[in-house]
Amino acid sequence: MSEGRFDFLGPGSHEDPYPFYAELRESQPVSWVERERLWMLTRHADVVDVLRRTEDFSAVANERQEPQGDRRGTPNIITMDRPDHDRLRQILQRRFTNRGLSRYQERIDQIVDELMTGVRDAREFDLVRDLTVPLPVTMIAEALGIELERLDDFKRWSDALVKVITLSHESPEAVAARAELHELIDYFSTIADRRRASPSDDLVGVLVKAEQEPGRISPREIVSYCLLLLAAGNETTTNLMGGMVIELLNQPEQLDRLVASPDIIPQAIEEGLRYCSPVQVLFRRAKHDTEIGGVEIEAGQDIAVSYAAANRDPRVFPEPDAFDIGRDTSEHVAFGYGLHHCLGAHLARREATAALSRLIPLLPEMRKTYQT
């Protein structure tokens, strides 16, 4: 078993992981990470291969990113294989198709306009605080049917959920966040009880309605589903929009193209997804002895599937470290691939398109301040 030199949880890799990915792609594309006791994949072909081979690799390894001490003990579609994955995913699948999401478009636009009013009127603003965080959190909260008066609590709980997933479990911040996460779990349980007593057409209501079908979904799975929707609906869009704005401010020629041709914003978002890779890595576990890229993998070993590294593979994307809104991005894996392709991909695209279409005309002037 070869020993990888890359620590993908170390401080250097957090600041800028892409040089590490590039080195590994060429020297050791299937690399053993001793600290985490897993294999890491950095080539696009290997990443797609593993994501495609659901008979050989299990999504249960994503339990590595599950909140600890959350009192659920219940997996969700991120950590499930067939048939349980399909059993749960199909409950909300139609709501997250482009056609299903059309019911939310007017509200997405309205939320963005309300947030942008504050941005336009402010002498200075925090992009993350004032736009990229409240947009997806507000939208998913309303889709779940959360009361408007609890929205501040919901944002606080959302932040706590992200901290529990991303921070060291022993850190004081993570310990404090787990207490808040328990509040969120209790709240979702209460909301589900209300939907049982008084049915509704929001996402919690749809999940509760499915509960009436024997074996379709359990009460714990409903709460777990809600937590997943909150976490996934928060981080992906926030990271995508923030990363894109930074690149556009740093590359005025790309920004000028978008200002002149706003119709290509959806194309630019796909490049943003490739370049920024809002979800850097997810995990798989070998179901039996197998191989990846000519390397033998033992049953039970975990694999870090690096979406971010795959999206910078020069074999698929020429000059991958260049942010180019005109490139062909059809092979990017920012939302995963195959069975576990992100359920909320279309929602993230709609939110990013609505926000950037209003923000981009303001960026040339903002860039003057950004440069000083």
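I began with Tyr187, which is buried, with a relative accessible area of 6%; I take buried as under 20% relative accessible area, exposed as over 50% and partly exposed as in between, with a 1.4 Å probe and protein chains only. The model is a predicted one, in which local features need pLDDT of at least 70 and side-chain atom pairs count only at pLDDT 80 or more, while totals for chains, interfaces and linings use all residues. Residues are numbered from 1 along each chain as its sequence is written, and side-chain values use heavy atoms, with hydrogens and water left out.

**Aromatic rings**

I noted that Tyr187 and Phe188 form a tilted aromatic pair, at 6.3 Å centre to centre and 50° between the planes. For pairing I used rings of Phe, Tyr and Trp (its six-membered ring) with centres within 6.5 Å, calling planes under 30 degrees apart stacked, over 60 edge-to-face and the rest tilted. Both Tyr187 and Phe188 are buried.

I then searched the whole structure and found six aromatic pairs. In one of them the rings of Trp157 and Tyr187 have their centres 5.2 Å apart and their planes at 40°, so this pair is tilted. This pair links distant parts of the chain, with Trp157 in helix H9 (residues 151-166) and Tyr187 in helix H10 (residues 172-197), 30 residues apart. Helices (H or I, at least four residues) and strands (E, at least two) are DSSP runs, numbered from the N terminus. Trp157 counts as buried at 1% relative accessibility, and ring pairs link Phe154, Trp157, Tyr187 and Phe188 into a cluster.

**Arg312 and two tyrosines**

I looked next for charges over rings, which requires NZ of Lys or CZ of Arg within 6 Å of the ring centre and within 35 degrees of the ring normal. Arg312 lies over the face of Tyr18, at 3.6 Å from the ring centre, and the charged end of Arg312 also sits over the ring of Tyr275, 4.0 Å from its centre.

**Two buried arginines**

I found Arg327 in the loop between helix H15 (307-310) and helix H16 (345-359), where Arg327 is buried at a relative accessible area of 12%. A polar atom of the Arg327 side chain lies 2.8 Å from the backbone oxygen of Pro318. Leaving aside neighbours within four places in sequence, I listed the residues in contact with Arg327 (heavy atoms within 4.5 Å), and they include Gln267, Glu271, Arg274 and Glu319.

I placed Arg53 in the loop between helix H3 (44-52) and strand E3 (57-58), and Arg53 counts as buried at 12% relative accessibility. With neighbours within four places in sequence left aside, Arg53 is in contact with Thr290 and Glu291. The side chains of Arg53 and Thr290 are joined by a polar contact of 2.6 Å; such a contact is a pair of N or O atoms within 3.5 Å, where within protein one must be able to donate a hydrogen and the other to accept it, and residues adjacent in sequence count only if both atoms are side-chain atoms.

**Cysteines**

How many disulfides does a search of the whole structure find? I found zero, taking a disulfide as a pair of cysteine sulfur atoms within 2.5 Å. The sulfur of Cys276 has its closest cysteine sulfur in Cys342, 16 Å away, which is too far for a bond. Cys276 counts as buried at 16% relative accessibility, whereas Cys342 counts as partly exposed at 26%.

**Helix spans**

I checked helix H12 (residues 219-250), whose 32 residues reach 48 Å from first C-alpha to last, close to the 46 Å expected at 1.5 Å a residue; the expected span is 1.5 Å times one less than the number of residues. H12 is mostly covered, with 25 of its 32 residues buried. For helix H6 (residues 105-121), the 17 residues should span 24 Å, and the end C-alpha atoms are 24 Å apart, which agrees. The buried residues of H6 are Ile108, Ile111, Val112, Met116 and Val119.

**Backbone details**

I noted a cis peptide bond from Arg82 to Pro83, with omega near 5°, and Pro83 is in the loop between E3 and helix H4 (84-92). Arg37 has a positive phi of about 55° although it is not a glycine, and Arg37 is partly exposed, with a relative accessible area of 47%. Ser277, also not a glycine, has a positive phi near 40°, and Ser277 counts as buried at 1% relative accessibility.
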